[in-house]
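Dear colleague,

Please find below the structure that I am handing over to you. My findings follow it, beginning with a question about a single residue.

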Amino acid sequence: MTITTYKRRVNYYETDKMKIVHHTNYVRYFEEARIDFMRQINCSCSELEAEGILIPVVDAYARFHKSLKFDDEFYVQVKLDKFNGARMEFSYEIRFSKDDSLAVTGYTSHCFINEDMKPVSIKRKFPEVYKKMMEFTA
């Protein structure tokens with residue numbers, strides 16, 4: 001299975017007075033791309049939530065190389081770098097569609113918990129999800 005990159009355009013409301021994307025929006029772009037990645041590998045976050053599994057962000061980091069501006073088209077490449085059934089880490093590259101130049105790199109770390117905020121082992125509780133995620137771990 002080939003994972004397609006997440007593509008979109010910068011909206012005006014995501015920018016500041018200089019029409020540059022506000023730094024907080026890059027973490028949102030990471031999230032949009034991560035949710036899209038999960039959907040593509042048939043591990044829907046909404047389906048996991050329906051089963052009582054939550055996936056909070058534990059850590060987030062972004063390194064800014066070149067600012068996106070209003071109306072820029074960009075894409076996000078996502079990799080699942082680490083996964084052990086209890087935690088996972090994704091890395092991201094945000095690139096300009098026009099020339100593939102690098103805008104932002106970063107990562108997010110996550111864990112799996114139940115609605116009582118207790119850790120959950122996906123390997124034990126959802127072995128089919130665990131297997132799918134392991135297939136796409138870099």
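Is H23 buried, exposed or partly exposed? Please note before the answer that this is a predicted model. The relative accessible area of H23 is 47%. Buried would require a value under 20% and exposed a value over 50%, so H23 counts as partly exposed. The residue sits in the loop that lies between β1 and α1. From H23 to I94 there are 71 residues in sequence, while their C-alpha atoms are 13 Å apart in space.

The sheet

Five strands make up an open sheet, arranged in the order β1-β3-β4-β5-β2 with antiparallel pairing. At its edges are β1 and β2, the latter spanning residues 57–64, and each of these two pairs on one side only. From one strand to the next, the twist averages 20 degrees. Helix α1, made of residues 24–40, packs on this sheet and touches β1, β2, β3, β4 and β5. The direction of α1 makes about 115 degrees with that of β4.

Strand β1 covers residues 6–9. Y6 and R8 form its covered face, whereas K7 and R9 form the uncovered one. β1 is joined by four bridges to β3, which comprises residues 73–83, and the two run antiparallel. Within that pairing, K7 has Y75 of β3 as its bridge partner.

β3 is also joined to β4 (87–96), in this case by nine bridges and again in the antiparallel sense. F83 is placed opposite M88 of β4. The two strands form a hairpin with three residues between them, and G85 in the turn shows a positive phi of about 95 degrees.

β4 pairs with β5 as well, over nine bridges in the antiparallel sense. Here R95 stands opposite L102 of β5. This second hairpin has five residues between its strands, and D100 in its turn has a positive phi of about 65 degrees.

How enclosed is β4 by the rest of the structure? Eight of its ten residues are buried, and β4 is therefore largely enclosed.

The largest pocket

The space in the largest pocket amounts to about 160 Å³. Which residues line it? The lining consists of E31, R34, I35, M38, C45, L48, E49, I53, I55, V57, M88 and F90. At least two lining residues come from each of α1, α2 (45–50) and β4. The greatest contribution is that of α1, with four residues. By type, the lining divides into nine nonpolar residues and three charged ones, with no polar residues.

To draw these points together, α1 both packs on the sheet and gives the most to the lining of the largest pocket. β4 is joined to β3 and to β5, and supplies at least two residues of that lining.

With kind regards

Note on methods. Residues numbered from 1 in each chain as written. Predicted model: local features only at pLDDT ≥ 70, side-chain atom pairs only at ≥ 80, totals over all residues. Heavy atoms only, no water. Buried < 20%, exposed > 50% of the residue type's maximum accessible area, 1.4 Å probe, protein only. Pairing = 2+ DSSP bridges. Axes fitted to C-alpha atoms, helices over the stretch in contact; angles between N-to-C directions. Contact = heavy atoms within 4.5 Å. 1 Å grid on protein atoms, 1.4 Å probe; cavity = no way out; pocket = protein on both sides within 12 Å on 5 of 7 lines; lining within 4 Å. Points joined across faces, edges and corners; volume = space filled by probe spheres on them. Nonpolar A, V, L, I, M, F, W, Y, C, P; charged D, E, K, R; others polar.
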